[in-house]
Amino acid sequence: MKVKQGSLIEDSRHLNFLTSEQALADFAELIKHLKRTIPGAENQPVIAIGGSYGGMLAAWFRMKYPHMVVGALAASAPIWQFEDLVPCGVFMKIVTTDFRKSGPHCSESIRRSWDAVNRLSSSGSGLQWLSEALHLCSPLTSEDIQHLKDWISETWVNLAMVDYPYASNFLQPLPAWPIKRPSVLSSKRGSDASMKVLLAAGARQNCDEGLGLVVCQYLKNPNVSDLLLLQNIFQALNVYYNYSGQAKCLNISETATGSLGTLGWSYQACTEVVMPFCTNGVDDMFEPHSWNLKELSDDCFQQWGVRPRPSWITTMYGGKNISSHTNIVFSRIKNCLIPGHGCGSSGLSTDGNSDSNGELDPWSGGGVTKDITDTLVAVTISEGAHHLDLRAKNALDPTSVLLARFLEVRHMKNWIRDFYDSVGKQR
């Protein structure tokens, strides 16, 4: 059946099928079909692999259908970002850490920008100036200001997620390490030769311009006028939205160009995937906002006609009570800046401490941070972003990612060996 993109989401008759339980059941049926129809596949082992929400599904699939997969690799999978399993502020705190460590005063410039927006938007002339200074596609009204700030906030979150060591186009076309300053880049790579490789991969025009295309270079001084601060904010936003140089204006209704199913995610966030988020403006660089389930519920009812079930995921999948399950590798991204504090010389975590130096991927705060059993294993990776270990091999991959992939494959080989050993004993 051919369907127009997004039509299944827009048709309310299909929305009841948009659940994690249904997704897992569909995968189970698919595996049965493939084993039945592919010659030689019937008695072969299957491994579930996924990243982000897909990583959550991979872990949950192993938990709910252990007879169908011999193990699972769950990369950047925030299976504990529910109810009170982790603090609601951990996500935005990690985003802030990414910006703070990437440039002097970078996060502070963003923190001060919210009040600058509020002050300027209090008058008609200020709204017009903001619309022009930020190169927006549509002029702002006073009713748009909260939406504008939400859009800017989501941009910083997305940058933290896709702060990859090479040019990428996962959410938007971006240069290598889009948040970090060149001096940070050079210290990470360590040599002139490797910097040349980095520039060749990351810059679209020339080396000098490539070096300039990083967010925190534009946010070095928070102690400037409102006008200059917000002009700098625009330059930083432009790295994310116009690295290709093709955008004529910025649309505050869009934060990603790819077809990532964000509309479907909005529905799931209003039903079962209810993740508490909050900010306080002190430990993070965002305006204070407490977690408000009633506010979410009312918004969800207005948009979708549904109310969230905040306890359903932990009821369905066990929350942190998962020690009875086996053969799941959870990989997460962590930044190891201080030698000997939670990371070995390889860059892989050695003590399971999730707070020693701050993570790069915001979703790591809701993930499994240390080994639970011998077969529920956490592999922590330094110097990477959202599920970097599942991306294609690249010459600029940090050593820690290469080692993490080696460990992940080693676990998979063990699962496959155990499967065949078990089959042999049954004969």
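# A guided tour of the predicted model

Among contacts in the protein chain between residues at least 6 apart in sequence, 71% join residues at least 24 apart. Keep that in view as you go. This is a predicted model.

**Whole chain.** Show the whole protein chain as a cartoon. Its secondary structure comes to 15 helices and four strands. Now colour by burial. Of the 427 residues in the protein chain, 48% are buried. The accessible surface of the chain comes to about 20500 Å². Carbon and sulfur atoms account for 52% of that surface.

**Stop 1: helix 7 and helix 11.** Select residues 145-161, which are helix 7, and residues 226-241, which are helix 11. Their axes come within 11 Å. They cross at roughly 55 degrees. Helix 7 and helix 11 are therefore oblique to each other. The crossing of helix 7 past helix 11 is left-handed.

Show the side chains next. Which residues of helix 7 meet helix 11? On the helix 7 side, pick W151, I152, T155, W156, N158 and L159. On the helix 11 side, pick I233, A236, L237, Y240 and Y241. By class, this contact of helix 7 with helix 11 has nine nonpolar residues, two polar ones and no charged ones.

**Stop 2: helix 5 and helix 11.** Keep helix 11 on screen.

Helix 5 brings S109, I110, R112, S113, A116, V117, R119 and L120. Helix 11 brings D226, L227, L229, L230 and I233. Sorted by class, the contact of helix 5 with helix 11 has eight nonpolar, two polar and three charged residues.

**Stop 3: V274.** Move to the loop between helix 12 (262-269) and helix 13 (293-304), where V274 is found. Is V274 buried or exposed? V274 is buried, with a relative accessible area of 2%. Show what surrounds V274. Not counting residues up to four places away in sequence, V274 touches Q81, F82, A269, W291, L293, L296, P308, R309 and P310. Then draw a distance from V274 to I313. The two are 39 residues apart in sequence, and their C-alpha atoms are 8.2 Å apart in space.

**Stop 4: H289.** Stay between helix 12 and helix 13, because H289 is found in that loop and, at a relative accessible area of 40%, is partly exposed. Leaving aside neighbours within four places in sequence, H289 is in contact with C278, T279 and E295.

**Stop 5: W265.** Step into helix 12 and select W265. W265 is partly exposed, with a relative accessible area of 30%. Which residues does W265 touch, not counting those up to four places away in sequence? They are Y53, V273 and M275. Now find L18. W265 and L18 are 247 residues apart in sequence, yet 9.1 Å apart in space, C-alpha to C-alpha.

**Stop 6: two backbone angles.** Most residues other than glycine have a negative phi. Two residues here have a positive value. Select S52, in the loop between strand 1 (47-51) and helix 3 (53-64). Phi of S52 is near 65 degrees, a positive value in a residue other than glycine. Next, select E83, in the loop between strand 2 (71-75) and helix 4 (90-100). Phi of E83 is near 45 degrees, again positive in a residue other than glycine. E83 counts as partly exposed, at 33% relative accessibility.

**Last stop: H411.** Go to helix 15, residues 399-426, and select H411. H411 has a relative accessible area of 19%. Buried means under 20%, so H411 is buried. Show V329 and V377. H411 touches both, not counting residues up to four places away in sequence.

Terms used
Residues are numbered from 1 along each chain as its sequence is written. This is a predicted model: local features need pLDDT of at least 70, side-chain atom pairs count only at pLDDT 80 or more; totals for chains, interfaces and linings use all residues. Side-chain values use heavy atoms; hydrogens and water are left out. Axes are lines fitted to C-alpha atoms, for helices over the stretch in contact, and angles run from 0 to 180 degrees between N-to-C directions. Angles under 35 degrees count as roughly parallel, over 145 as roughly antiparallel, 65 to 115 as roughly perpendicular and the rest as oblique. A crossing is left-handed if the near helix is turned anticlockwise from the far one by less than a right angle, and right-handed if clockwise. Contact means heavy atoms within 4.5 Å. Ala, Val, Leu, Ile, Met, Phe, Trp, Tyr, Cys and Pro count as nonpolar, Asp, Glu, Lys and Arg as charged, and the others, Gly among them, as polar. Buried means under 20% relative accessible area, exposed over 50%, partly exposed in between (1.4 Å probe, protein chains only). Accessible areas come from the Shrake-Rupley method with a 1.4 Å probe; for residues, only the protein chains shown count as cover.
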